[in-house]
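Please read these points beside the model.

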Amino acid sequence: MQTSLQRIANKAQVDAKHKFGNLYGMLNEDNLHWCFTKRLNKNASPGVDKKSWHDYAEELDGNIENLVESLKNKSYKAKLILRKYIPKDGGQRPLGIPIVADKLLQTCASTILEAIYEQDFKDFSNGYRRGRGPRNTALDLRRQIQFGRFRWVVDADIKGFFDNIDHDWMIRMLEERINDKAFLQLIRKWLKAGIIEEDGKIISPVTGTPQGGSISAVLANIYLHYALDLWFEKRIIPNSRGAVNIMRFADDFVCCFQYKDEAQAFYEALKPRMAKFNLKLAEDKTKTIIFTRFRTSNNESFVFLGFEFRWGVSRNGKPIVKMKTAKKKYKLALNSIKSWIKTNRSSKTCELMKSYRQKLQGHWNYYGVCGNSKSLNSFFWEANKIVFKWLNRRSQRKSYNWEGYRSMIKYFNIPTPKIIAR
């Protein structure tokens, strides 16, 4: 599989207009076996058939053989997608969970698409790409603004992006690189697959791709590659007098401009551009602000990937772009700690402390950036107050005083705030 993918990647890199055929034939037993063992998450939730990765693995050869046979005789049909909801920013985000067989096919197809489109994707496109995480993307944006000539920022977010991807546009975009009707028809089947809600209601989607499906991430990136990235590179940048920059992670993106009129012109052009592809901007999350080193106090800020960006002053008095944990993310992280300790406070202390250590370390790993010490220290203090409170509610007698609690967190090696990235 890896050799085949490398050949595809090399061809895509050499010839930007080449259209790939015979991709459907790559969904064979050998490649599906490789994807099952190398790419599928063993602990992922089961779909509507309630079969897990381990259940499928018990008769792996027979299951894959039957799956490939259904592809050969064109009898394959995508099964219903189970919809689950997970908390996000105080609300709920829908996730689609395919059955293992569909997930396996989608994973194999997505690796093929990645091999092609990784050669086409722009450097400023970071979401759903290997080795490009959100924290590093945020840090890259800070560096570019810090050393750039930008004075204006358009902070944009697409409303319900995954739910509004236009299926016909999606196929037209894929046809720019793929000349394989069977492979494209397979993708259309996944786009049109029915979704079963938690209450048993079945929805037949007209637009969108379920977030959580194995192939949804690469399809989403391809969609915005054509709808936004190429347009920005070929139309916005060449027609700008001043410095221009864009940084995108999934459907969340920030555009920087040197001149006010060009920032405003881009904002006005962005709405009809998105509408062309059946997309809308989230008005409450999209704005144009002045963002310059010449305003380091009483100035505006924007939020990107969980960080609040604002111009400030360094210790030696020089203008600097500061990053700190966004207020909303800060509160959500504390609420998560509270919800966890309330639910698990009856567990053994060693188990609680192990989990608490992991939660704090994860927070430091992401938000531990230079200039964010105040927020990290505040979070550590507030999180400890929450844990201290609920540990003392495990019985009618108070279990700990502050001196004893501090000794305990030291004993269990609970990590203190740490700057991970500069």
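The numbered points below go from the whole chain to single residues.

1. Basis. This is a predicted model, in which local features need pLDDT of at least 70, side-chain atom pairs count only at pLDDT 80 or more, and totals for chains, interfaces and linings use all residues. Residues are numbered from 1 along each chain as its sequence is written, and side-chain values use heavy atoms, with hydrogens and water left out.

2. Overall form. The chain has 15 helices and twelve strands (DSSP runs numbered from the N terminus: helices are H or I with at least four residues, strands are E with at least two). Its C-alpha trace spans about 70 × 60 × 40 Å along the principal axes. Of the 422 residues, 49% count as buried (buried is under 20% relative accessible area, exposed over 50%, partly exposed in between, with a 1.4 Å probe and protein chains only).

3. Negative patch. E29, D30, D61, E65 and E69 form a negative surface patch. Patches are made of residues with over 30% relative accessible area and no salt bridge, like charges being joined within 9 Å; Asp and Glu count as negative, Lys and Arg as positive, and His and the chain ends are not counted. The place of a charge is NZ of Lys, CZ of Arg, CG of Asp or CD of Glu. Helices α2 (29-38) and α4 (60-72) each supply at least two residues of the patch, and α4 gives the largest share, three residues. D30 is in helix α2 and counts as exposed because its relative accessibility is 63%.

4. Positive patch. A positive surface patch is made up of K324, K327, K331 and K374. K331 is in helix α12 (residues 327-344) and, at 57% relative accessibility, is exposed.

5. Salt bridges. The structure holds 13 salt bridges (a side-chain nitrogen of Lys or Arg within 4 Å of a carboxyl oxygen of Asp or Glu). One of them joins R130 and E114, at 4.0 Å from N to O. This pair links distant parts of the chain, 16 residues apart: R130 is in the loop between α5 (100-117) and α6 (134-147), and E114 is in helix α5. R130 is exposed at 61%, whereas E114 is partly exposed at 23%.

6. R241 pairs with E262 in a salt bridge, the closest N and O atoms being 3.4 Å apart. The two are 21 residues apart, with R241 in the loop between α10 (216-236) and β6 (244-249) and E262 in helix α11. R241 is exposed, at 57% relative accessible area, but E262 is buried, at 9%. R310 and E308 also form a salt bridge, with closest N and O atoms 3.5 Å apart; R310 is partly exposed at 29% and E308 is buried at 10%. Salt bridges with shared partners join R241, D261 and E262 into one network.

7. Backbone. N278 lies in the loop between α11 (260-276) and β8 (280-281) and is partly exposed at 35%. L305, also not a glycine, has a positive phi of about 55 degrees. L305 sits in the loop between β10 (302-304) and β11 (307-313) and counts as buried at 15%.

Technical notes. Patches are made of residues with over 30% relative accessible area and no salt bridge: like charges are joined within 9 Å, nonpolar side chains (Val, Leu, Ile, Met, Phe, Trp, Tyr) within 5 Å. Accessible areas come from the Shrake-Rupley method with a 1.4 Å probe; for residues, only the protein chains shown count as cover.
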